[in-house]
Amino acid sequence: MTDKGFHFDQPLWFLGLLLILPVALWLARSAAQAARGPIHRYADAHLLPHLTGTRDLSAPERWGRFLRWSLLWTLLVTAMAGPRWDYTDLRLFHPGNNLLVLLDVSRSMLAEDVSPNRLGRARQELQDLIVQNRQVRLGLIVFATVPHVLAPITEDTTSLLNALPALSADLASPGLQGSSLTRALMRAESLLAGLPEDSARAVLLISDGDFDEPGLREQVATLAEQGVRLHVLGVGTPGGATVPAPQGGVIVDPSDPQRQPVRSVLNETLLEGLAETGGGIYRRADYRDGDTQAILEAATVSRLPPEASDARTRIWNERYWLLVLLVAALLLPQFRERARRPARRLADQKSGELS
């Protein structure tokens, strides 16, 4: 890629400067028509402000305002054109590494044995994973009883980051409790099946392991035979916590005569067993970066030749915000002047009453 140095990303915006000429013509014509208006038949120009209560702008004032508007318009158009200089070269994603995240959003993920709760902790882990990632193409499926594909395998990490605040237990089907990892794995298998066989394909399960389904290990083993590894990030604590109910309070066990609250715990035994069967690694989520770094390293095992990742992309530093700050600074005195006008009017009224 050639070095452009300082340049504009969208120079066609400068066509907007052509608007200045017709505005100037309109201003000159309207001023001339106002000077020949019917009201001038009844009084001389210097007496009109006393009759109408308003004063026409003089030619220097009118054109002075036009010049200020032209300056602001030019600055805004230049900002829209996207001035940029300086850049950072980043290596492109390795096309052979693919990681599909399965995020559990069932009610048990709202337990508060970790701060702020398990789902909030999982969102933070997912954000760390996206920010630290430089070699893996990511996808995202959220699941409770039913899986939902939020993003297929993609290099567009910005869309994934934008989707994080919307990840909540409300995405689960209303009226249905629990989570079905079986359905989520089936959906993941169908998404990964379309990728090249010689690429590295992996699944990352982020969950508390609060599900009891038969045949999970067999399903994970089948994926492993197809070359799909399963990594697991456990969220929660072995001590567990109660699960908030949708209507408030906590979920209780309907089969218990004493209606004791349901307590959800981190099922590390199950999660570690799934990761072992899937040929992946298990980590418990914490506030350090070691867990996400270990998962990214484990997912970067592509069998494609290393020169496939030599391509780089250039990220330019956008400077449009400098012009926006300048426009705001130029407009600030105008707002201050408008704020003073009511105080001046009140002072004039009081002085008139005293006189």
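Me: How many salt bridges does the structure hold?
Reply: Keep in mind that this is a predicted model. For the structure, the count is nine.

Me: Is Asp113, the salt-bridge partner of Arg118, buried or exposed?
Reply: The side chains of Arg118 and Asp113 meet in a salt bridge, at 2.8 Å from N to O. Arg118 is buried, and for Asp113 the answer is also buried.

Me: Which helix holds both Arg121 and Glu125?
Reply: These two form a salt bridge, with their closest N and O atoms 3.1 Å apart. They sit four residues apart, about one turn of the helix. The helix in question spans residues 118-132 and is H4.

Me: What is the relative accessible area of Glu125, and does Arg121 count as buried or exposed?
Reply: Buried means under 20% relative accessible area. Arg121 has 4%, so Arg121 counts as buried. Glu125 is buried too, and its relative accessible area is 0%.

Me: How many residues apart in sequence are the parts that Glu268 and Arg284 tie together?
Reply: The side chains of Glu268 and Arg284 meet in a salt bridge, 2.8 Å from N to O. Glu268 lies in helix H8 (residues 268-277), while Arg284 lies in strand S10 (residues 279-284), so the pair ties together parts whose separation in sequence is 16 residues.

Me: Is Arg284 buried or partly exposed?
Reply: The cut-off for buried is under 20%. Glu268, at 19%, is buried. Arg284 has a relative accessibility of 36%, so Arg284 counts as partly exposed.

Me: Which strands stand at the edges of the open sheet?
Reply: The sheet has six strands in the order S5-S4-S3-S6-S7-S10, with mixed pairing. An edge strand here has a single partner, so one of its sides is left without a neighbour in the sheet. That describes S5 (147-154) and S10.

Me: What residue of S4 stands opposite Leu100?
Reply: Strand S3 (residues 97-104) and strand S4 (residues 137-143) run parallel, joined by seven bridges. Opposite Leu100 stands Gly139.

Me: What angle does the direction of H8 make with that of S10?
Reply: H8 packs on the sheet, where it touches strand S6 (200-207), strand S7 (228-234) and S10. With the direction of S10, the angle is about 150°.

Me: Where is confidence lowest, and where is it highest?
Reply: The protein averages a pLDDT of 82, and 78% of the residues score at least 70. Where pLDDT is low, the predicted coordinates should not be read in detail. Confidence is lowest in helix H2 (residues 48-52), with a mean of 56, and highest, at 96, in H8.

Notes. Residues are numbered from 1 along each chain as its sequence is written. This is a predicted model: local features need pLDDT of at least 70, side-chain atom pairs count only at pLDDT 80 or more; totals for chains, interfaces and linings use all residues. Side-chain values use heavy atoms; hydrogens and water are left out. A salt bridge is a side-chain nitrogen of Lys or Arg within 4 Å of a carboxyl oxygen of Asp or Glu. Buried means under 20% relative accessible area, exposed over 50%, partly exposed in between (1.4 Å probe, protein chains only). Helices (H or I, at least four residues) and strands (E, at least two) are DSSP runs, numbered from the N terminus. pLDDT is the predictor's confidence in each residue, from 0 to 100. Two strands pair if DSSP finds at least two bridges between them. Contact means heavy atoms within 4.5 Å. Axes are lines fitted to C-alpha atoms, for helices over the stretch in contact, and angles run from 0 to 180 degrees between N-to-C directions.
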